[in-house]
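Reader: Hey, can you walk me through this one? Keep it simple, please.

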Amino acid sequence: MLRHAVQRIGLAIPVLFGVLLIGFLLMQVVPTDPATVRAGPQATAEVIAEIRAELGLDAPIYVQFGKYLWRLAQGDLGVSIINNVAVTEELGNTIGPTLELMVSALFWSIPLGIFLGTIAAYWRGSLLDKAIMAVSVAGVSVPVFFLGLVLIWFVGFQWQLLPFTGRGGPLWSMDGILAIILPAVTLGGVFIGPVARMTRTAVVDTLSAEHVRTARAKGLPERLVVLRHALRNALIPVITLIGLQIGFLLGGAVVTETIFSWPGVGRLAVGAILSADFPMAQGTIIVLSLGFILVNLAVDLLYAVLDPRVRQA
Amino acid sequence: MIKTWRRATLGGLAALGLAITAPLFEAGAQTQPRNQITFMREIDSDRYDPHRSTALAGGEIIQMLSDTLVSMDFDMRTIRPGLAERWEVSPDGKTYTFHLRTNVTFCDGKPFTAEDVVYSINRWIGRTTPRVVSPVAWRAGPVKEIRATGPHTVEYELNEPFGELLPQLSQYFGVMVDRATVERLGDNFGVQGFNGTGPYCWGNWTPRSEFVMTRHPTYRWGPPVLQNQGPAHVERIVWRVIPEAAARVAALQAGQADITQFIPEAFWDTMRRVPTIRSSTQPNYFWDVFLGFKVDKPVVSDPVIRRAAHMAVDRVGLTRAVWSGHALPARNIINPNALDYDAQSDAMVPNHDPAAARRMLDEAGWRMGSDGVRVKDGQRASFLMYGITNLTNQRSAEIIQQGLRQVGIEMRVQMFDATVAWGRLATQEFDAYILSYPYISATDAMSLYWHSRNRPSPNRMNWNDPETDAWLEEARRGTDPARRAEVTALIQRRLAEQAPWLTLARTQLTVFSTQRVDGVRAHGLYGIGVYRGLDLRVVR
């Protein structure tokens, strides 16, 4: 198990380095000049040149890249060229709300997806199964922004039940709980479909497996057969899917954070890219990529815990 | 067994439903704290340093955090006292003597003196250490020296007269800053803090999310253009960034925020029908959208092509289609309500008349080609237009393209993201471009865009006319209002005749608010919705 974990971590390091390199090069390839963005539309060429020098953008790319790597090696992600705030400080302020949002979305959508997938599998072919699968397909198909706007319009505006204009406070306060419901429902809503469908497929497979037949033959209650013998074995592909989907959830978080004015990393990334704030954009890319890599690493390790064949391979 | 399982299923669903909706029974949507007003806006500023930012998002907050020497009335042409209660101008128009109020303090309680004016203006024009590069330092005029001649008297000496000085000093770039705070915060001034003389003080800023300001309790020196001179009625103002337009519309109607000017025009009629929403429109709002031609590039260098473009584009239909009728179709480059607007040049701008455009092009030798695009001397009547990607520009470009096509002119369109566009718009790669800009008077509008020394940007037309330069310089110096109006009229007529710029629309400023607040009146100086915020009051 330890060897398996070391191997997976070892593979994650070059991936991270690749992300850093591509992240830096992408920002260089983009035909954007942060100095012109900062100078505004009325600035003359002389003013733009002065601002470019002030930001250190007149140095050759390899010099900028060298400085970037040196800073990274020291754990310094740099300073925003727009508002002079340390990138780590901004990330520190925004990671919390993003994690809050993602965990809240997963908190309700994963159990619900597994639950719906299990009951659809148990009553496969029934009207309930078809209804759940239809809802799952709709869930997969509905774009995050559309679901968010529908919820804002009805729940927030028409019925005036919940706030939708940002984070209301810490999650342990009532304002915080109320403010996170709509973003979490939006983000989690698109997660239910894939989880339910995968759970259904896996549970259907395991329900016809020999060990389940044996369990039934032993006279175990049906609830235990399903939960202990069928669902547990069916969870391996579901966990893999969840791991992969969390990556997409990061993408969804960017949209959700924008719609609901949620002060997270996704919104920070969009803002940094739109304002050509190279250090901030690179910092957010690193954090989002690191999140993706860590989730995949966790899934790999969890996979090995759940299925001994993986760690033996 | 199956029944048990089904009961469990239904029970689980019910529990989940209750878990999700339980808080709703305990508390509804967020209500606003008493004596707090929430503004909504689309984007945040890069920083709140008046000498480093030119963003509208920065200006609307900075004008509340500090004061300017003079203030601008709602007619957008009358200058009123600000921190200076009176001033004199020397006979040669080069020296302004400002007499400052004596009872003014910064938010930290420090008295405001003439030395603060000297420092603030010098910082704006890059004469302090470390040097600050303001993209709009030119707006302070050709400064020779700023001197404190007494604790509350300042002499503002220019190298040559600058008739626009007072309106320029009313803009947010000219607000007063506290030297000690600037030096203490260094590059973080306007990021981590600010110390101004304004009706509100810096609370805290969460970039891209929220800006909080609190009332300046001892403030008593508000500009006379407002009913309340201070202190502000409201204890706390929160500026919340809501990037999604539909969310802003819904939030205002749901009472989750109080004031915004960032409602898309397509919603204006609907919003005005909502009984709980009020709106205030500024008739003297000067922010125009235009299509500029590079006058030294092939095809568009021909004034006939440019005049034909004016005749081909239906500006009335365009404003209806793009701004839902909530923008005024434009003619001359200057708004009729702006200082030194020239009515005669308006009449010189060609009317929408595609048939006449076709005739004029035929007569000028532009013959219709087999592909529907005209040709003259082997040159196709085709040009490339650049613009910033947004819905307004895209829809405007489509309508312009369609109109031009009807008269045999092809316009190729290339749009760029805002981060890329400014760099591309400073090049000579394109033949025409679409853009919008704010101004406060004819001289202000034209000095920037039409002087030859400002080529290639912001004079992206490459307009190079010694007479225009001379008139502009005279207008800028213009201490005699009549002579200034005369020379700016000459420029307007020259531009109307040569048609290097097709002014498309004059956008409108409307500030929407809920019934919860009173005292909202749209102002519009440099696009600012609410000026200083002293009249704002929570009434419900």
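Author: Start with the open sheet in chain B: 6 strands in the order β14-β21-β13-β20-β18-β19, with mixed pairing. Strands are DSSP runs of E, at least two residues, and helices are runs of H or I, at least four, numbered from the N terminus. Two strands pair if DSSP finds at least two bridges between them. This is a predicted model: local features need pLDDT of at least 70, side-chain atom pairs count only at pLDDT 80 or more, and totals for chains, interfaces and linings use all residues. Residues are numbered from 1 along each chain as its sequence is written, while chains are lettered from A and ligands numbered from 1 in the order in which they are written.

Reader: Which are the edge strands of chain B there?

Author: β14 (327–329) and β19 (410–416) of chain B, and each pairs on one side only. From one strand to the next, the twist averages 25°. Angles run from 0 to 180 degrees between N-to-C directions, with axes fitted to C-alpha atoms, for helices over the stretch in contact.

Reader: Which helix packs on the sheet?

Author: Helix α9 (residues 315–323) of chain B does, touching β14 and β21 (501–507) of chain B. The direction of α9 makes about 45° with that of β21(B).

Reader: And in what sense do β18 and β19(B) pair?

Author: Parallel, over 7 bridges; β18 covers residues 382–388 of chain B. One bridge pair is B:F383 with B:M411 in β19(B).

Reader: What about the sheet with β15-β16-β17?

Author: That is an open sheet of 3 strands in chain B, with antiparallel pairing. β15 (367–368) and β17 (379–380) of chain B each have a single partner strand, so one side of each is left without a neighbour in the sheet. In β16(B), B:R374 is the bridge partner of B:M368.

Reader: New topic. How is chain B split into domains?

Author: Domain 1 is 9–65 + 185–283 + 509–538, domain 2 is 70–179 and domain 3 is 287–507. The bounds come from an automatic or database domain assignment. The centres of domain 1 and domain 3 of chain B, over C-alpha atoms, are 35 Å apart.

Reader: How many residues of domain 1 of chain B are in contact with domain 3 of chain B?

Author: 6, and they meet 6 residues of domain 3 of chain B. Contact means C-beta atoms, placed from the backbone, within 7 Å.

Reader: Last one: what does B:A308 touch?

Author: B:A357, B:M360, B:L361, B:V407 and B:I409, not counting residues up to four places away in sequence.

Definitions and conventions
Contact = placed C-beta atoms within 7 Å.
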